[in-house]
Amino acid sequence: MFIFEWLNNQLLKMEWLYVLVQKLVEGVFGLSIQDRLGGSIHFFIYDVIKIFILLSFLIFSVSYIQSFFPPERTRKILGRFNGISANILGALLGTITPFCSCSSIPLFIGFTSAGLPIGVSFSFLISSPLVDLASVLLLASIFNWRIAIAYVIVGLVLAVIGGTLISKLKMEKYVEAFVYSNKVMDLEPEELTVRDRLQFGKEQVLDIIHKVWLYVLIGVGIGAAIHNYIPEEMISAVLGQDKWYSVILATFVGVPMYADIFGTLPIAEALVGKGVGLGTALSFMMAVTALSLPSMIMLKKVVKTKLLATFFVIVTAGILIIGYTFNAFGHIFL
Amino acid sequence: MIIKILGTGCAKCKSLEANARQAVSEMGITAEVVKVQEMQDIMAFGVMRTPALVVDEKVVVYGKVPSVEEIKGFLK
């Protein structure tokens with residue numbers, strides 16, 4: 001247990017880095033990390049370095065696993081299951097496929113045109129940006145393992161229920177006709193060697209870092225500002241645990257925003273540090289990652305307004321319920 | 001010969017296009033390089049991962065950027 005805790009603190013929470021950055025801020029800049037400015041600078045440098053180290057390592061490992069599940073294969077596996085087990089599998093496979101909702105929409109089309117029920121495709125589409133292996137480890141690093149595991153479970157449950165509801169509502173006719181008229185090419189997945197997989201992992205790391213670095217910097221910047229410059233009274237007046245509307249507010253502020261989970265984590269971290277309910281912070285994160293204007297616009301090209309609205313309402317309602325549940329029982333996790 | 005580059009305009013699609021054009025000019029063949037950017041048209045090829053390279057209506061590579069040398073192999 002002691003060894004596990006030590007590994008957890010040093011490798012995942014990177015306490016050595018915390019101390020190192022503290023020495024830098026105090027020794028080189030001559031600022032105390034108890035001060036506003038020193039505290040913000042410390043938060044910024046520590047979080048940026050930590051997120052980039054973890055991100056590179058995680059994307060590499062996750063990509064290696066992903067290389068065994070290209071979409072062509074995922075589609076074949078999903079085709080063998082029916083009913084709720086297909087939804088559950090869709091949600092699970094969503095956790096090991098792309099990191100951003102923009103790349104999951106072509107998959108949605110590919111799955112649907114291959115004859116998978118739309119409910120299964122939607123389970124996949126909901127879980128794909130919301131829960132991925134990398135974000136789970138980051139949550140464990142920033143908060144703790146209990147929160148990370150609880151997040152995965154509620155994310156998957158939301159994906160399964162959302163997809164199942166869409167199946168039950170029989171919304172197939174609200175998918176644009178061209179999706180069904182596509183020919184399905186059974187492109188054989190190529191055989192990959194270990195070297196190919198390692199190369200794929202390396203490319204993914206460079207590609208994703210290149211895509212997200214700005215969001216991470218902005219997210220950590222906002223986090224650092226919240227951490228030390230915005231008075232706690234102001235935040236708790238709007239998002240405090242005792243405010244019934246805090247979850248709703250966090251969700252609706254998050255929905256139009258487009259960032260990925262790596263950029264929103266530092267903001268959630270700083271909010272929780274300021275006494276905002278865990279549920280409120282998680283709702284914000286889920287709203288930013290699962291729903292965004294750009295992904296809605298892409299999805300609009302594929303499905304009719306009615307199905308898009310249903311998808312939006314189900315996911316939003318799910319996020320609100322998750323937020324309130326975590327706020328009510330959050331003390332168990334912190 | 002018609003070479004199609006499928007992709008919604010991402011950075012990878014641009015490098016695939018550049019590689020394809022270079023392969024064509026190094027081989028000294030006459031080929032038309034066409035960009036396909038509308039999602040509906042891309043999906044019509046049954047491709048789920050972009051960028052993809054299509055040579056004479058046949059998908060030869062998808063989901064990655066092949067090197068100039070690899071592309072030359074497909075154009076032979």
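## Cys10 of chain B

Cys10(B) is partly exposed, because 15 other C-beta atoms lie within 10 Å; a residue is buried if 20 or more other C-beta atoms lie within 10 Å of its own, exposed if 12 or fewer, and partly exposed in between, with C-beta atoms placed from the backbone. Cys10(B) belongs to the loop between strand 1 and helix 1 (11–27) of chain B. Helices (H or I, at least four residues) and strands (E, at least two) are DSSP runs, numbered from the N terminus. From Cys10(B) to Gln37(B) the separation is 27 residues in sequence and 9.8 Å in space, C-alpha to C-alpha.

This is a predicted model, in which local features need pLDDT of at least 70 and side-chain atom pairs count only at pLDDT 80 or more, while totals for chains, interfaces and linings use all residues. Residues are numbered from 1 along each chain as its sequence is written, and chains are lettered from A and ligands numbered from 1 in the order in which they are written.

## The sheet of chain B

Chain B contains an open sheet of four strands in the order 2-1-3-4, with mixed pairing. Its edge strands are strand 2 and strand 4, each of which pairs on one side only. Two strands pair if DSSP finds at least two bridges between them.

Strand 1 (residues 2–6) of chain B is largely enclosed by the rest of the structure, because four of its five residues are buried. Strand 1 pairs with strand 2 (residues 32–36) of chain B in the parallel sense over five bridges, and Ile2(B) has Glu32(B) as its bridge partner. Strand 1 and strand 3 of chain B run antiparallel and are joined by four bridges; here Ile3(B) stands opposite Val55(B).

Strand 3 (residues 52–55) and strand 4 (residues 58–62) of chain B pair in the antiparallel sense over four bridges, with Tyr62(B) as the bridge partner of Ala52(B). Their hairpin has two residues between the strands, and Asp56(B) takes a positive phi near 50 degrees.

## Two helices of chain A

In chain A, helix 5 (residues 83–94) and helix 9 (residues 145–168) have axes that come within 9 Å and cross at roughly 135 degrees. Axes are lines fitted to C-alpha atoms, for helices over the stretch in contact, and angles run from 0 to 180 degrees between N-to-C directions. The two helices are therefore oblique to each other (angles under 35 degrees count as roughly parallel, over 145 as roughly antiparallel, 65 to 115 as roughly perpendicular and the rest as oblique).
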